[in-house]
Amino acid sequence: MSDIIFLGTGGDSYVVGRQIRASGGIILQIGDDQYHIDPGPGALSMAKETGINLRANTALFVTHNHINHCNDINAVIDAMTYSGFDKKGVLVANNTVINGSLNYQPFLQKYYRGFLERFIVLEEGGKVGINDVEVKAMKAKHSEPNAIGFKFITPDFTLAYTGDTAYSAENLADYENSDVLILNVPCLKKEESKDNLCKGDAVNIIKKVNPKLAIITHFGINFLKADPLYEIREIQKETNCQVIAATDGMVINPVSYAVEQGQKTLYKYAKKEGIRLHEFKQQEEKVREINEMIEEKQTELGNENSENDSIENT
Ligand SMILES: [Zn+2]
């Protein structure tokens, strides 16, 4: 039995900052193993909401050292090991998460690292075997220079998770031969970011990889305002592929592709999103009103100044 459970589907800092969508990462259950991928802010509370026992985590996977991907890494290690009382689990992460870099302190603290049985740094092209599963680090092109994606090759299915990346033809070979392809697509339009995928990029990738199922997640505010369901239907039409938009708490069987919503509490959680999005729009209107007021004041001041100037000049 295998399941993919979304503890979060939020992408950009607007969505994550206001928790319009959650950001706790993705759980991958394969037989007795439970992998936790990219545990961002709120991973513990989302695990509670979805009925996921983090004590059952056997491995953690982190693609890069950005806050929405690894903020809760130490909290999750603490939860899964009872503060190191039960030293267990493997962490597989990119170099920045574990060792930091010129511009980044590593999110992983040495103290919590000591609670793990093992930690492994993976660079693109690197591989690691955990029981029956082979995990490959895929190329990524992101603002965090060591960012990677993960490909999980299991006896029953192959799942590729892009992590955060811009579109690059060089990445495509890594995505090939995946049954399930999870794409982080925060942007609707290309101009929104040079470091991330947009809707058009997703179309190009899905067309070339042709997975049995493509899952779009990591939504930014423009994608949510536009309505992911509508956008995803368009991607589906253009690619001729089964494509779904992930939602918080969504459970997907990677073998049968059956989709269901998680525990009952999540229904409430999903409903709240509409309210949060509405609140965000209202806030945006308020900001616009304030900006207009400031502009008016400035033009008034500008007029006064030019009047004063003219008085001075004469
Ligand atoms: Zn990132």
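User: Why is Tyr82 called exposed?

Analyst: This is a predicted model, and in it Tyr82 has 12 C-beta neighbours inside 10 Å. The cut-off for exposed is 12 or fewer, so Tyr82 counts as exposed.

User: Where does Tyr82 sit?

Analyst: You'll find Tyr82 in the loop between helix H4 (73-81) and strand S5 (90-93).

User: What makes the phi of Tyr82 worth a look?

Analyst: Tyr82 has a positive phi of about 50 degrees, although it is not a glycine. Most residues other than glycine have a negative phi.

User: And what about Asn240, what is its phi?

Analyst: Asn240 isn't a glycine either, and its phi is positive, at about 60 degrees. Look for Asn240 in the loop between H10 and S13.

User: How do you know whether Asn240 is buried or exposed?

Analyst: Count the C-beta neighbours inside 10 Å: Asn240 has 10. Exposed takes 12 or fewer, so Asn240 counts as exposed.

User: Why is Lys286 called exposed?

Analyst: Lys286 has 10 other C-beta atoms within 10 Å. With the limit for exposed at 12 or fewer, Lys286 is therefore exposed. Lys286 is part of helix H11 (residues 264-313).

User: How far is Lys286 from Asp78?

Analyst: Their C-alpha atoms are separated by 41 Å, and along the chain Lys286 and Asp78 are 208 residues apart.

User: Let's turn to the sheet. In what order do the seven strands come?

Analyst: The order is S7-S8-S9-S10-S11-S12-S13, in an open sheet with mixed pairing.

User: What makes strand S7 and strand S13 edge strands?

Analyst: Strand S7 (127-130) and strand S13 (243-245) each pair on one side only. On average, neighbouring strands of this sheet are turned by 20 degrees against each other, direction ignored.

User: How do you know that S8 and S9 pair?

Analyst: Pairing takes at least two bridges, and six bridges join strand S8 (residues 133-139) to strand S9 (residues 148-153). These two strands run antiparallel. Ala137, for one, stands opposite Phe150 in S9.

User: Which strands does helix H8 lie across?

Analyst: Helix H8 (residues 199-209) lies across strand S11 (180-184), strand S12 (213-217) and S13. H8 runs at about 165 degrees to S11.

User: Which strands does helix H10 touch?

Analyst: Helix H10 (residues 228-239) packs on the sheet and touches S12 and S13. The direction of H10 makes about 170 degrees with that of S13.

Key. Residues numbered from 1 in each chain as written. Predicted model: local features only at pLDDT ≥ 70, side-chain atom pairs only at ≥ 80, totals over all residues. Helix = DSSP H or I, 4+ residues; strand = E, 2+ residues; numbered from the N terminus. Buried ≥ 20, exposed ≤ 12 C-beta atoms within 10 Å, placed from the backbone. Axes fitted to C-alpha atoms, helices over the stretch in contact; angles between N-to-C directions. Contact = placed C-beta atoms within 7 Å.
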